[in-house]
Amino acid sequence: MATGLYLHIPFCRHRCSYCDFNTYVDQDGLREPYAEALAAEIRARAGEVRPVAHTVFFGGGTPSLMSGEQLARLVEACRSAFALPDDAEITLEANPGTVTLASLREMRALGINRLSFGAQSADPGELALLGREHGWREVGEAVATVRAAGFDNVNIDLIYGLPHQPLASWQRTVRAALALAPEHISLYALSIETGTPLHERTRRGELPLPDPDAAADMYEHAEQVLGDAGYAHYEISNWARPGRACAHNLIYWRNEPYFGLGAGAHSSSIQRRWWNARRPADYIARAAAGPEAIRAGGIELAHEDIDAATSRGETMMLGLRLLEEGITHARFEARYGAPMTTFFQAALDQAVGEGLLTVDAVGARLTERGRFLSNRVFRLLV
Ligand code: SF4
């Protein structure tokens, strides 16, 4: 079983209009104490649940705002505390306009080997609606600079299903993303989250809510075009060149253990889940209490135990998001000591009967129809 480390960097230069992530735009002065607190948490967690980690993911927020020295400290802490293999996948999320050739070369030298850019749209009006600071030109420049710095594994995130977004605009965005030849593309349907400026605008009636039928057409278009371009649709929202699936996210989808380190980060040790204090200042203060206090749960906000039935249901739901792999009988049985039919026979029969699922000698996978109605399948399983 693989283990992943997620490092949360809760700082941004600017708040996007759709964002409800745990990130802050007015706390630049906390970056250095935060880096120190995060390194302290990494060191304190060493060997706690599993001695070796296989992937690291710097997410945020905007991790590319951290200095080379701060990133070096964090990568080094991960290496020594979790015996990272030399070729471990280390991803860093970045925003166009926050990286330079020099900063990217520093990252590459640290062993960071995968860059993920929030690009979102090639349309200037849509970028403005989303409150993004960059234009598509900066996306192109960032990807070119990343290549020049020696990275051969790049992801681009795009968002579809925006209010008033015509299909033609989405088609142009997908074409523009393909022109940058990333190894990996993630597509997310816009979700209007309570408390965000976009939510406020839809509540006041200034903007319509996203149209699910239009979003489905956009998804279908992307599926067709990305498939034709040689990308494997390996997860409901993710496409990759052969061998370029995100190893870190595969750990989540296979319901394997991960440590979320940093403010508000979530962790799972299979039998237990916990999450940290959300506000950077609170997190820093708690980390300052020392390694014993961190190990005793002093940095955590809350936790919950995961019983076997919950774990099995989550393994099914997450695994079915993997469109090619699905849930294999071998993996399920090795983990739970009995075939999946012991626990899910009725649900599997029902989903197969409705044409949503295929079950064969290898395992269970969503059908084409099941991809569009995955929530129906998930409801049957839990
Ligand atoms: S850059 Fe990302 S994390 Fe930061 S505000 Fe925008 S969407 Fe949120």
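Good morning. The domain assignment of this protein chain, automatic or taken from a database, gives domain 1 (4-252) and domain 2 (329-381). The model is predicted, so local features need pLDDT of at least 70 and side-chain atom pairs count only at pLDDT 80 or more, while totals for chains, interfaces and linings use all residues. Residues are numbered from 1 along each chain as its sequence is written, and side-chain values use heavy atoms, with hydrogens and water left out.

The centres of domain 1 and domain 2, taken over C-alpha atoms, are separated by 30 Å. Their contact (heavy atoms within 4.5 Å) takes 6 residues from domain 1 and 5 residues from domain 2.

I turn to the chain as a whole. The protein chain has 16 helices and 15 strands; these are DSSP runs numbered from the N terminus, helices being H or I with at least four residues and strands E with at least two. The C-alpha trace spans about 55 × 50 × 45 Å along its principal axes. For 382 residues, a compact globule would have a radius of gyration near 21 Å, and the chain agrees, at 21 Å. That radius is taken over C-alpha atoms, and the globule rule is 2.2 Å times the number of residues to the power 0.38. Of the 382 residues, 53% count as buried, meaning under 20% relative accessible area with a 1.4 Å probe and protein chains only. Among contacts with a separation of 6 or more, 72% join residues 24 or more positions apart.

Next, the second largest pocket. A pocket is an open set of points on a 1 Å grid over the protein atoms alone, where a 1.4 Å probe fits, with protein on both sides within 12 Å along at least five of seven lines; lining residues have an atom within 4 Å of a point. This pocket holds about 420 Å³ of space, the volume being that filled by probe spheres set on the points, which are joined across faces, edges and corners. Its lining has 17 residues, with Y160, R371, F372, S374 and N375 nearest the centre. Two or more lining residues come from each of α8 (212-228), α15 (368-372) and α16 (374-381), and α8 gives the largest share, 4 residues. Because domain 1 and domain 2 both contribute to the lining, the pocket lies between them.

Finally, one residue. N153 is in the loop between α5 (136-148) and β5 (154-160). N153 counts as buried because its relative accessibility is 8%. Beyond neighbours within four places in sequence, N153 is in contact with N113, R114, L115, R147, E183 and R244.

Definitions and conventions. Buried < 20%, exposed > 50% of the residue type's maximum accessible area, 1.4 Å probe, protein only.
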